[in-house]
Amino acid sequence: MEPKYCTTIRHKKFSVADTLTSGQCFRWTEHEGRLCGTAFGRYVEMEQKGDGLTIHGADQSDYETIWRQYLDLDRDYDEISRIVTEKEPRLADSAEYAVGVHILAQEPWEALCSFVISQNNNIPRIRGIVSRLCLLYGESAANAQLAREEADGHAFPTPQALSEVSEETFKQLGCGYRAAYLTELSRRVADGEFDFDYIKNAPIDEARKMLLSLKGVGPKVAECALLYGFGRLECFPVDVWIRRAMETEFVGGTALIGSEYAGVAQQYIFEYIRRHPERFEKKS
């Protein structure tokens, strides 16, 4: 069923496909040239032709209050690319290749929960677990009747909803050893132990410390949650791909880590190395 309303905007260089499939989130799939998914409790379909981005299922008000911020369309990524490549010239190829990738401004709870699930996991399995949780425990999303996948008709479950799920049920849904983490995480957040607005603005070391106090949240998960869910662009998640880049292309370390836009630089490297793994092979 075609949405009755849509919004089209113009944005040079931005790539919705590269952004939504860059490992930052796990609720978007491609159908007939559109990226379809749900965020902030709303199902939409995004279609890009040239520099025109049409968001099917979103009116102008939805765009201004949700999607403009979610896709980070007001930030000057050309200027960020200039800054990070000036600080680290070895980043030039990665920044040019991934120029269309933006850092998503996701809901903090969804980002945190999703990256706990992502530990030692692959994207298809992560997507499957997230989809099952949404289908079973998420509230009905706006535009649910338009969703091409049943789970997309549901918002991401609230901490309160997941706090009532048993550890055994989490295991049955495929979470494995992460079930214990999700049980404690959802209960502590539902009980109000974590002020997400405070974490967004706290000194970065304090914000990291708060997240690391959660069972199952290690340095990588904390960095991912802070970058993709709390808008902390100074964070620099290190996974197997980034570690390989640090051992090959960026031997000796890099001034990017800890810099103002470290997270954007990390995303550029991540995108480039996944597509050009041969460039990052260790020399014998």
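## Valine 221

Valine 221 is buried, with a relative accessible area of 5% (buried means under 20% relative accessible area, exposed over 50%, partly exposed in between, with a 1.4 Å probe and protein chains only). The residue is found in helix H12, residues 219–229. Helices (H or I, at least four residues) and strands (E, at least two) are DSSP runs, numbered from the N terminus.

This is a predicted model: local features need pLDDT of at least 70, side-chain atom pairs count only at pLDDT 80 or more, and totals for chains, interfaces and linings use all residues. Residues are numbered from 1 along each chain as its sequence is written, and side-chain values use heavy atoms, with hydrogens and water left out.

Valine 221 touches Phe115, Val116, Gln119 and Gly216, leaving aside residues up to four places away in sequence. Contact means heavy atoms within 4.5 Å. Tyrosine 177 lies 44 residues from valine 221 in sequence and 15 Å from it in space, C-alpha to C-alpha.

## The sheet

Five strands form an open antiparallel sheet, in the order E1-E5-E4-E3-E2. Two strands pair if DSSP finds at least two bridges between them. Strand E1 (6–10) and strand E2 (28–31) are the edges, each pairing on one side only. The twist averages 25° from one strand to the next. Helix H2 (residues 60–70) packs on the sheet and touches E1, E2, strand E3 (34–39), E4 and E5. The direction of H2 makes about 80° with that of E4. Axes are lines fitted to C-alpha atoms, for helices over the stretch in contact, and angles run from 0 to 180 degrees between N-to-C directions.

## Strand E5

Five of the five residues of E5 are buried, so the strand is largely enclosed by the rest of the structure. Gly52, Thr54 and His56 point one way, and Leu53 and Ile55 the other.

E5 (residues 52–56) pairs with E4 (residues 42–49) over five antiparallel bridges. Lysine 49 stands opposite glycine 52, and glutamate 45 has histidine 56 as its bridge partner. E4 and E5 form a hairpin with two residues between them. Glycine 50, in the turn, has a positive phi of about 65°. Five bridges also join E5 to E1, with threonine 54 as the partner of threonine 8.

## Helices H13 and H14

The axes of H13 (residues 240–247) and H14 (residues 262–275) come within 9 Å and cross at roughly 90°. That makes H13 roughly perpendicular to H14 (under 35 degrees counts as roughly parallel, over 145 as roughly antiparallel, 65 to 115 as roughly perpendicular, the rest as oblique). Residues in the contact include Trp241 and Met246 of H13 and Phe270 of H14.
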